[in-house]
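Thanks for coming. I have one structure today, and I will keep it short.

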Amino acid sequence: GQSMTKALKLLEHLRRLRYLYLSCLGSSRATLLTRVCLTLSAIYLSVIFSSLFHFSIPGSHQIVADDCTDAALFDWAAKNGANVGKISIGEFVFEAEADPANHWHSRLRKRRGMRAKERILKGDVVLSVPIKLTFTQENANRTELQDVIDALKLDQYVAMALMLLHEKSKGASSSYFPYVCKIPKSFDTTLFWRLDQLDEKTETNYTNLYLQTLRMRMYMLRTYNQYMPLLFRRFPHRFSPATHGFREFTWAMTAVFSRNWGISDRRSPHVHWHPPRQPGARGAEQPSAYGNFTNIMVPIADLANHMDDDEGYVAFLDGGQSFGLIAGRDYEKGDEIFTVYGRDCNARYLVGYGFAPASPTRDRPCRVDLADKLARAGYSLERARPEQQASTMSHKTNNKTS
């Protein structure tokens with residue numbers, strides 16, 4: 001029935017096309033006008049075929065919008081060489097940050113996480129994903145963004161964020177669609193908190209939370225103003241404020257910061273894992289004995305939630321051709337699989353991931369004394385009164401980005 005309908009529509013369109021073609025030839029003998037008419041006829045013909053038929057490469061996996069499911073994500077990864085047979089996605093109940101004033105049940109929350117489908121022993125490879133499926137600066141250079149990245153000498157974070165926005169703009173036609181469509185549409189990091197929320201956490205002894213959040217906001221503004229207006233002017237056919245505005249840019253950068261891993265390029269047997277770097281570190285906080293770090297976003301691997309003092313780690317496998325998540329303890333079938341995002345202060349978790357792993361009473365010192373860095377940069381560390389905070393933040397941001 002559908003084939004017959006398409007055939008009838010095609011015959012009707014061809015009849016109209018024939019009439020248009022003859023009108024073009026008979027309307028005038030002017031060569032330019034004839035060419036214009038024939039060009040319009042060709043465009044009309046291409047629109048007919050694109051609207052009636054959908055072509056795909058034989059043997060390829062046709063991805064449609066309805067494929068934005070967990071099953072489609074695992075199917076896409078497996079068909080492209082990932083080893084994800086030991087795990088699935090599960091929903092788990094956990095206890096939120098303790099509050100003596102609330103009943104225990106009121107502190108219970110649900111979260112998505114990685115579930116073991118079979119017994120997994122400590123040191124086993126939980127999953128492996130080919131590097132070709134990941135978001136890295138190297139993979140971004142293999143896309144249509146190569147000239148942009150080379151021209152502006154973009155760092156890893158910005159290159160990955162632009163790659164994410166680029167693939168997101170393609171919709172279901174993107175080869176990364178099953179992964180991109182599952183990335184959260186919003187995040188709970190302190191970058192998006194109100195000032196009164198920051199005040200509440202700061203008063204409960206979260207080290208330097210206000211200053212670190214301020215630093216993140218300034219970094220986002222500075223980076224956006226440094227690159228995006230230039231891209232709008234030099235590459236208007238690929239970048240526009242409508243698809244790459246500050247809101248979209250901030251979303252992509254937050255996705256990169258909260259979901260990427262840092263791995264030593266030397267594949268050192270001593271350091272397999274390193275937490276994602278905070279923006280602005282630029283390697284200053286890395287152990288130089290192990291060389292540079294590659295930042296990488298890995299589909300499915302980013303489903304593993306954090307557990308303090310977990311002994312799991314990540315590493316390059318297969319001679320650097322794939323990314324592996326290694327179990328830090330034994331897991332039975334049905335258990336939630338964890339990893340560790342870093343051994344740092346609670347404030348850094350809130351800024352980078354939107355949660356604190358433990359009670360403020362156990363807070364660790366931050367890896368970098370951000371207050372000293374800001375003081376050396378000329379920023380006042382004295383907190384403004386609540387009614388002055390918004391204007392103070394705006395003033396500091398303008399000074400930083402000017």
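Residues are numbered from 1 along each chain as its sequence is written, and side-chain values use heavy atoms, with hydrogens and water left out.

Confidence comes first. pLDDT is the predictor's confidence in each residue, on a scale from 0 to 100. The protein chain averages 74, and 61% of the residues score at least 70. Over residues 266-291 the pLDDT stays under 50. The model has 66 contacts for that stretch beyond four places in sequence, where contact means heavy atoms within 4.5 Å. Residues 379-402 are also below 50, with 32 contacts in the model beyond near neighbours in sequence. Where pLDDT is low, the predicted coordinates should not be read in detail.

Now the make-up. The chain has 13 helices and nine strands. Those are DSSP runs numbered from the N terminus, with helices being H or I of at least four residues and strands being E of at least two. Of the 402 residues, 47% are buried. Buried means under 20% relative accessible area, exposed means over 50%, and partly exposed is in between, using a 1.4 Å probe and protein chains only. Among contacts between residues at least 6 apart in sequence, 70% join residues at least 24 apart.

Next, the core. In soluble globular proteins, nonpolar side chains tend to be buried together. A nonpolar core here is a set of buried Ala, Val, Leu, Ile, Met, Phe, Trp, Tyr and Cys residues joined through side-chain atoms within 4.5 Å. The largest one has 82 residues. Those with the most contacts inside it are Met114, Leu127, Leu154, Phe239, Met253, Ile300 and Phe323. Helix 9, residues 209-234, gives the most to this core, with 11 residues.

Where does Ile300 lie? Ile300 is in the loop between strand 5 (293-297) and strand 6 (305-306). With a relative accessible area of 2%, Ile300 counts as buried. Leaving out residues up to four places away in sequence, Ile300 touches Leu73, Phe74, Ala77, Val84, Ile87, Met114 and Leu127. Its phi is positive, near 75 degrees, and Ile300 is not a glycine. Most residues other than glycine have a negative phi.

Lys153 is another non-glycine residue with a positive phi, about 50 degrees. Lys153 sits in the loop between helix 5 (146-152) and helix 6. Is Lys153 buried or exposed? Lys153 has 69% relative accessibility, so this residue counts as exposed.

Back to helix 3, residues 70-79. Its buried residues include Leu73, Phe74 and Ala77, and these three are among the residues that Ile300 touches. Ala72 and Trp76 in helix 3 are buried as well. The buried residues of this helix pack against strand 1 (87-95) and helix 7 (177-180). After helix 3 comes Gly81, with a positive phi near 100 degrees.

One is Ser175, which is partly exposed at 48% relative accessible area. Ser175 and Trp76 are 99 residues apart in sequence and 9.4 Å apart in space, C-alpha to C-alpha. The other is Ala172, partly exposed at 25%.

Last, the second largest pocket. On a 1 Å grid over the protein atoms alone, a pocket is an open set of points with protein on both sides within 12 Å along at least five of seven lines, and lining residues have an atom within 4 Å of a point. Of the 20 lining residues, the closest to the centre are Phe192, Phe246, Arg247, Thr250 and Trp251. Helix 10 (246-259) is one of the elements giving two or more residues to the lining, and helix 10 gives the most, with five.

Notes. Predicted model: local features only at pLDDT ≥ 70, side-chain atom pairs only at ≥ 80, totals over all residues. 1 Å grid on protein atoms, 1.4 Å probe; cavity = no way out; pocket = protein on both sides within 12 Å on 5 of 7 lines; lining within 4 Å.
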